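Thanks, everyone. Please have a look at the model.

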Amino acid sequence: MTIDTNTMVSITEANQNFSKVARFDIISPQGSTLGGVRIMREYNIDKMITYLRGFFQGAGMPESMKALGFAQQKHAGQTRKGSGLPAVIHPLQMACYAVALDIKDDHIVATILLHDVCEDTGFSVSALPFSKDVVRGVRYMTFTQHPGEEKADAKKRYFKELLESRAALICKAI
């Protein structure tokens, strides 16, 4: 695959837009591995939520707006493994990045926001109060291991089944 100059500019602009919305860097002299300076990413959850709400309202994305609140509610009190950061940061980061990439498909962005809800909370995919397209995308993004199935076989099945959902493929790519 070749990447032309326009694609590189688009990726660079998306990264710059994402940085303006979602994160800021803190430079710390402690624990450094790069010239005595350690750069850590910190995320402003309220800023990401406000940005996404405004974007969804302006772009007419009701499923994404609903998914934003639902993800916040279901991930409340959860933390990410290893970092201790609030779990909701991950889907918010992904949604902000999708928006920075100019993805305006309501079903795809809603899938991005909800992709970890069922795995992380035990909420049933079939009980999700969203359109069939969003539920389908989340179902394909949710890793499940069938009784008696080896984890390696379950992973192979999971990745093969991702090919059946455009929303899940884009979500996984982001």
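The largest nonpolar core has 41 residues, and Leu52, Phe56, Leu92, Leu113, Leu114, Leu128 and Phe130 have the most contacts inside it. By nonpolar core I mean buried Ala, Val, Leu, Ile, Met, Phe, Trp, Tyr and Cys residues joined through side-chain atoms within 4.5 Å. Buried is under 20% relative accessible area, exposed is over 50%, and partly exposed is in between, with a 1.4 Å probe and protein chains only. Helices that each supply at least two residues of this core include α2 (45–59), α5 (106–114) and α8 (151–162); helices here are DSSP runs of H or I, at least four residues, numbered from the N terminus.

This is a predicted model, so local features need pLDDT of at least 70 and side-chain atom pairs pLDDT 80 or more, while totals for chains, interfaces and linings use all residues. Residues are numbered from 1 along each chain as its sequence is written, and side-chain values use heavy atoms, without hydrogens and water.

Now the charges. The whole structure has 4 salt bridges, meaning a side-chain nitrogen of Lys or Arg within 4 Å of a carboxyl oxygen of Asp or Glu. One of them pairs Asp105 with Arg166 at 3.6 Å. Asp105 is in the loop between α4 and α5 and Arg166 in helix α9, so the bridge ties together parts 61 residues apart in sequence. Arg166 is exposed at 57%.

Glu149, Arg157 and Glu161 form a network of salt bridges. Arg157 meets Glu149 at 2.9 Å, N to O, and Glu161 at 3.5 Å. Arg157 is buried, at 18%, whereas Glu161 is partly exposed, at 28%.
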